[in-house]
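I opened this entry to record what I looked up, in the order I looked.

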Amino acid sequence: MRSVFMIWVNEHIDPSGIVYSAIACCDRTAAEECHTTFQAALTDEQKEAGWIARLRTVDSWDDVPISALKLS
């Protein structure tokens, strides 16, 4: 069964593609503000090494990384 809402997932991803940290919520504005914070938290050295801050959407809580902080 598909959800009727979108879940926003913010992730810090290391150079090898591993999710270092994640926060998920259903509020788009909160997610965008969190993403801005995630991007600002990356140091120049991390960016040069290949770290990224990614904001994506999923349709189900089952698609959220297990280690993510989940906010409703």
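I call a residue buried under 20% relative accessible area, exposed over 50% and partly exposed in between, with a 1.4 Å probe and protein chains only. On that scale, 31% of the 72 residues of the protein chain count as buried.

Notes on the source. The model is predicted, so I kept to its limits: local features need pLDDT of at least 70, side-chain atom pairs count only at pLDDT 80 or more, and totals for chains, interfaces and linings use all residues. Residues are numbered from 1 along each chain as its sequence is written, and side-chain values use heavy atoms, with hydrogens and water left out.

**Layout.** I took helices (H or I, at least four residues) and strands (E, at least two) as DSSP runs, numbered from the N terminus. I found two helices and four strands in the protein chain. Along the sequence the pattern reads β-β-α-α-β-β.

**Strand β1.** I checked its burial next. Seven of the seven residues of β1 are buried, so the strand is largely enclosed by the rest of the structure. Ile-7, Val-9, Glu-11 and Ile-13 point one way, while Trp-8, Asn-10 and His-12 point the other way. In a regular strand, side chains alternate between the two faces of the sheet.

Then I looked up its partners; two strands pair if DSSP finds at least two bridges between them. β1 pairs with β3 in the antiparallel sense over seven bridges. With β2, β1 pairs in the antiparallel sense over six bridges. Ile-13 has a bridge partner in each: Ile-52 in β3 and Val-19 in β2. β1 and β2 form a hairpin with five residues between them. In that turn, Gly-17 has a positive phi of about 95 degrees.

**Cores.** I defined a nonpolar core as a set of buried Ala, Val, Leu, Ile, Met, Phe, Trp, Tyr and Cys residues joined through side-chain atoms within 4.5 Å. The largest has seven residues: Ile-7, Val-9, Ala-22, Ala-24, Val-58, Val-64 and Ala-68. A second, separate core of five residues includes Cys-34, Leu-42, Trp-51 and Ala-53.

**Rings.** Rings of Phe, Tyr and Trp (its six-membered ring) pair if their centres lie within 6.5 Å; planes under 30 degrees apart count as stacked, over 60 as edge-to-face and the rest as tilted. My search of the whole structure gave one aromatic pair. Tyr-20 and Trp-51 form it edge-to-face, 5.2 Å centre to centre, with 80 degrees between the planes. Tyr-20 lies in β2 (residues 19-25) and Trp-51 in the loop between α2 (44-49) and β3 (52-58), 31 residues apart. Tyr-20 is exposed at 61% relative accessible area, whereas Trp-51 is buried at 17%.
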